[in-house]
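Welcome! Have a look at the sequence and the model below, and then we can walk through a few parts of it together.

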Amino acid sequence: MAQFKKTGTLSDFQKFIAEVYGLPDDRLYSIWDILTQQQRFTMRALKGIRKDNREKIKTNLLISFSWLMAIVNRLHINIEEEVWHRFPYLCSYCGKLPCVCKTTKSSRRVSVKVDAKKRPHGLALLQKMFGEIYPTKGRSVADAGVHLAEEMGEVSEAIHNYLGQHLQKQFNEVKSELADFASCIFGVANSLNIDVAKEIEAMYPKNCHICHKAPCVCSFSDVVSLKS
Ligand SMILES: [Zn+2]
Ligand SMILES: [Zn+2]
């Protein structure tokens, strides 16, 4: 039986998704299909923000996060490594803790010194790290949602470019954009006090959250008609 425990790491979650959904994802979904699903559930989370429906936001945020894992699995990217590389307990842009981008309005990304000792072990600690880099005070849930949408667009653009020309620098862009998207998942979750690790554990007590099988046996039409 496949399970994610709230004490698990982001890599554990990536492995869990590979175990449950790797087979149907490979057989039934092109990378464009996976990307469409990630976009679809991200947009539903945004609809939840517009409707002020915390439950809707939470469910769709977690499903969108799961599709993100499907993308990184397909592209053989270690998302935990990429997130740490991009956010080493510092803002990826201004290099500060907490982030000062809003006040300094810097127009160029700084290079930062990574302190490996600060690396969070566990999904919950990773979420806490994002809460410290990007405190929720002074930012609305809608602001966090707009940022999530922006990063979803950048992920799509990066994947589109990479699948067009297959250049290594474009693949590096894909990795960075996927890490930025993950940071925004935590951004929305932090704004609403959603404990991502705990909620993933609750959503996935046993295998697929819909059919409860591993590998998942939900059909393509089950997935496209899923109401959330
Ligand atoms: Zn910053
Ligand atoms: Zn299923």
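This is a predicted model: local features need pLDDT of at least 70, side-chain atom pairs count only at pLDDT 80 or more; totals for chains, interfaces and linings use all residues.

Let us start with the metal. The zinc ion (ligand 2) is held by the SG atoms of C208, C211, C216 and C218, at 2.2 to 2.4 Å. Along the sequence, these donor residues follow the spacing C-x2-C-x4-C-x1-C. Around the zinc ion (ligand 2), the four donor atoms subtend angles of 103 to 114°, so the arrangement is tetrahedral.

Next comes the core. The largest nonpolar core has 72 residues, and the members that touch the most others are F13, F65, M69, V83, L123, L178 and I200.

| Helix | Residues |
|---|---|
| α1 | 10-28 |
| α2 | 31-50 |
| α3 | 54-74 |
| α4 | 79-86 |
| α6 | 123-133 |
| α7 | 141-165 |
| α8 | 168-191 |
| α9 | 196-203 |

L123 is worth a click in your viewer. Beyond its neighbours within four places in sequence, L123 is in contact with F4, G8, T9, L10, F186, V196, A197 and I200.

Finally, how do α1 and α3 pack, and at what angle? Their axes lie 8 Å apart and meet at an angle of about 75°, which means that α1 is roughly perpendicular to α3. On the α1 side, the residues involved are L10, F13, Q14, I17, A18, D25 and D26. Their counterparts in α3 are F65, S66, W67, M69, A70, V72, N73 and R74.

Notes: Residues are numbered from 1 along each chain as its sequence is written. Chains are lettered from A and ligands numbered from 1 in the order in which they are written. Side-chain values use heavy atoms; hydrogens and water are left out. Donors are N, O and S atoms within 2.8 Å of the metal (3.2 Å for Na, K and Ca); water is not among the atoms, so sites may look incomplete. Four donors count as tetrahedral if all angles lie between 85 and 135 degrees; four count as square planar and six as octahedral if opposite donors are over 155 degrees apart and all others between 65 and 115; anything else is irregular. A nonpolar core is a set of buried Ala, Val, Leu, Ile, Met, Phe, Trp, Tyr and Cys residues joined through side-chain atoms within 4.5 Å. Buried means under 20% relative accessible area, exposed over 50%, partly exposed in between (1.4 Å probe, protein chains only). Helices (H or I, at least four residues) and strands (E, at least two) are DSSP runs, numbered from the N terminus. Contact means heavy atoms within 4.5 Å. Axes are lines fitted to C-alpha atoms, for helices over the stretch in contact, and angles run from 0 to 180 degrees between N-to-C directions. Angles under 35 degrees count as roughly parallel, over 145 as roughly antiparallel, 65 to 115 as roughly perpendicular and the rest as oblique.
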